[in-house]
Amino acid sequence: MITFDRVSKIYSDSSIALQAVSLQIRPREFVSLVGPSGAGKSTLLKLLIAEEFPSEGRVLLDGTDVTTLTVRELPYLRRRVGMIFQDYKLLVGKTVYENVAFAMEAAGRKEREIAESVPEALEIVDLVDKRNNFPNELSGGEKQRVAIARAIINQPDVLMADEPTGNLDPANTWEIVRLLEKVNELGTTVLLATHDREIVNYLDRRVISLERGKIVRDEEKGKYDRA
Ligand code: ADP
């Protein structure tokens, strides 16, 4: 369960990113977070992995207030919440296999576990054939699929996606959307920040709409625009 309890975020230069935001997201939900640029979507995601801290309020993941975690506890939180981005953020000097394996190595997993899990994750994202390729040899859609494999390799409870299809053509966009649905069906909560009206309308799942740092709409089976 994700809980935001009256969370406000004011950046140091006094720009107000979030104002008294309260929400709850249950395990296995698929939630789209929509709203114009600057509405506070990225800030909300960053607060959940304690990359930013709220100015007021509490952010809880399964009852743990993530803002109170020590530097030593942070890696555990970040393993429970996978993240993908518009620009993929792959390690350019590592192959597909190594990019995914690295996330497990960083989590201190055993060599044998890694050798077992990475091929399984590559199977899920349909990239077994590209396992030895480097990121610059992949299409945008393939890069994002590597990023998804890396984000789910440590079996997180939540996958957060910040504009994951922002750089992709329609065919690749739909591939990524279907993959996010698959990850969700396998039991992971998905939180998708997007501008893409068509994706949100296709998903027909919960939509939380932010405007100028406030929730203006939260609908169980929402559309991008108010009907
Ligand atoms: P979105 O993801 O919806 O585009 P953001 O969360 O990135 O929105 O930004 C929300 C508001 O906070 C914007 O006004 C933005 O300029 C401001 N903001 C975001 N990050 C910072 C930062 N590091 N320092 C100052 N202001 C920021």
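In what order do the six strands of the open sheet lie? In this predicted model, the order is E6-E7-E8-E3-E9-E10, and the pairing is mixed. Strand E6 (81-85) and strand E10 (214-219) are at the edges with a single partner strand each, so one side of each has no neighbour in the sheet. On average, and with direction ignored, neighbouring strands of this sheet are turned by 15° against each other.

Within the sheet, strand E3 (residues 30-34) and strand E9 (residues 206-211) run parallel and are joined by four bridges, and Ser32 is found opposite Val207 in E9. Helix H5 (residues 140-152) packs on the sheet, where it touches E6 and strand E7 (158-162), and its direction makes about 165° with that of E6. Helix H6 (residues 170-185), in turn, lies across E3, E6, E7 and strand E8 (189-193), and runs at about 150° to E8.

The ligand is surrounded by residues that include Tyr11, Asp13, Pro36 and Lys41, and this shell divides into four nonpolar, six polar and two charged residues. Helix H1 (residues 41-48) gives the most to the shell, with three residues.

| Protein atom | Ligand atom | Distance |
|---|---|---|
| Ser15, polar side-chain atom | nitrogen | 2.9 Å |
| Gly38, polar backbone atom | oxygen | 2.7 Å |
| Gly40, backbone N or O atom | oxygen | 3.0 Å |

Of the 560 Å² of accessible area that the ligand has on its own, the protein covers 65%.

Definitions and conventions:
Residues are numbered from 1 along each chain as its sequence is written. This is a predicted model: local features need pLDDT of at least 70, side-chain atom pairs count only at pLDDT 80 or more; totals for chains, interfaces and linings use all residues. Side-chain values use heavy atoms; hydrogens and water are left out. A residue is near a molecule or strand if one of its heavy atoms lies within 4 Å of it. A polar contact is a pair of N or O atoms within 3.5 Å; within protein, one must be able to donate a hydrogen and the other to accept it, and residues adjacent in sequence count only if both atoms are side-chain atoms. Accessible areas come from the Shrake-Rupley method with a 1.4 Å probe; for residues, only the protein chains shown count as cover. Helices (H or I, at least four residues) and strands (E, at least two) are DSSP runs, numbered from the N terminus. Ala, Val, Leu, Ile, Met, Phe, Trp, Tyr, Cys and Pro count as nonpolar, Asp, Glu, Lys and Arg as charged, and the others, Gly among them, as polar. Two strands pair if DSSP finds at least two bridges between them. Axes are lines fitted to C-alpha atoms, for helices over the stretch in contact, and angles run from 0 to 180 degrees between N-to-C directions. Contact means heavy atoms within 4.5 Å.
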